[in-house]
Amino acid sequence: MSGLEELYKEIILDHYRNPRHRGELDCPPAHKSEGFNPLCGDEVSLTFEIEDGSIKQLRITGQGCSISQASASMMAAAVQDKSIEDVRMLSREFKAMMSIHEETMAAADQETVSAASLTLGDLEALKGVVKFPVRIKCATLSWNTLLTGLDDLDG
Amino acid sequence: MTLPSDLKDRFPLLSQMVHGHQIVYLDSAASSQKPASVIDAMNNYYRTINANVHRGAYEIAAQATEEMEQARTRIATFIGSDSPNEVVFTKNATESFNLIARSWGGNALSQGDAVLITDMEHHANIVPWQILSAEKGFEIRWLPLTPEGLLDLSHLDQLLDGVKMVSITAMSNVLGTLNPVAEIAERAHAAGALVAVDGSQYVPHLPTDVQELNADLLCFTGHKMCGPTGIGVLWGREEILDSMPPFLGGGEMILDVRRDGFTPNELPHKFEAGTPPIAEIIGLGAAVDFLSSLGMDNIRQHEITLTDYALRSLKDRYGEELVIHGPSDPAQRGGVVSLQYRDIHPHDLSQVLDQRGICIRAGHHCAKPLMKELGVGATSRASFYLYNNEADVDALVDSLELAGELFSV
């Protein structure tokens, strides 16, 4: 079970069982972005409101595995009230943590916390996903969906 | 007759340990394991007679050609075909369907025509028709399912009106449902349509006779029947294959090439452009020998018994907490069991089982329209083959509890 405990940390299971920020906002004024994982059928739909360049509210609907749903829930909590610029930076850090380069794998083995990952907070619990490469897409689905939504704002 | 009890010993992979457990392989609907005899046949080709086929005058080229064509003959016999000329080698069942759609459909279908498929098709028997339909403008119709996951034939005759091709699976890769292909084919033929059959899940597991199936075309793939990947078959009635234009162009598929055009080769080479996957064809021939030596009737009986045991064990242990898709009667289905345990996502379930060395598949199984019908995004699927036994089923049944504990609310 040791491998599994690294993947299914208590905080992840908590977000899965009690997902935060579920629901849907009216569009407009909210913006909508949908993401799919074609491999497993997971889907996530985000609605979010931007005010003064920051994410004021974000709501999630969709279905999927514990990792995809917990990651979405944790993301919603993490980006609340953050500026779009900060959200993009956070997503870069998160995706860097999720990358399966060997040095990242090695880094994931160490219990040291880097300066950058401090800002990831609870999101760090998802670090264990890196050791299960097929599940990385589950963890990054909501982030990629949000980034697409933010890109569409510029478009 | 029953299958020998030591069958696992003939599959080198099945003695492996995964995460400290002996592997329990329950994903044969995705790809089967290979017996040593198949691996040896392919190695033997590379070690002793590796040469390109059909034009070499020297000894090993002649031997390679002989081995490959003998394999074709044995594969034809295996499915009850009259002639090896009716066995066309492709890359897989997906390519076989693309060949049918492109070659037959590209010639025969136009606006006002229709192709009938079913709600339980694999994407391989959906998308090639959709690609062609976008060009030709014909209609794609869908035969619906009953709540139990059988084909609903109550409106078949109306649905057949104007249909030129009925393209259906003989066995669902998700529900395990065995379809009444011969009956549908009879009604399709009466309506003037041809019948193509997806035998990917059927041919590896049940005695197959293309005459009994009443099919005009049959697609299947080698790697699900103890053979290697990269080799599939399109079987077709000779007069139908003869009427179809070539699919891919190149070497091997021509009799003559001139500046002003070409003359296609005879069957089956007309559809086999380029150097074929010789080792894979020889490997599939060895797989067919292996299956024949066990007896397809015995394999089918073994799987009915095992599926029955699995369905009963799962229901006895988990009752209402477990949903099993598809027919409840083991005689109406193959050894494919798609299940939903509580509200645990299939990805999570398969991840937990992996820790015990148990291999099951989670996902939409390349059947998204069916997933939509079932109202699910994905299922967990265990599938059995000749090498599985009751201990494998017990491991599956026991391990669900582990997932239940981890994800209990």
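Modeller: Two residues are said to be in contact when heavy atoms lie within 4.5 Å. This is a predicted model, in which local features need pLDDT of at least 70 and side-chain atom pairs count only at pLDDT 80 or more, while totals for chains, interfaces and linings use all residues. Residues are numbered from 1 along each chain as its sequence is written, chains are lettered from A in the order in which they are written, and side-chain values use heavy atoms, without hydrogens and water.

Chain B consists of domain 1 (7-30 + 295-407) and domain 2 (39-293), with bounds from an automatic or database domain assignment. In chain B, 39 residues of domain 1 are in contact with 34 residues of domain 2. The area buried between these two domains of chain B is about 2,700 Å², and carbon and sulfur atoms give 61% of it; buried area is the accessible area (1.4 Å probe) that two parts lose on being put together, summed over both. Of the area that domain 1 of chain B buries against domain 2, Met296(B), Leu370(B) and Tyr385(B) supply 22%, more than any other three residues.

Several elements of chain B give two or more residues to the domain 1 side: helix H10 (296-318), strand S14 (336-341), helix H12 (368-374) and strand S17 (379-383). Helices (H or I, at least four residues) and strands (E, at least two) are DSSP runs, numbered from the N terminus. H12(B) gives the most to this side of domain 1, with six residues.
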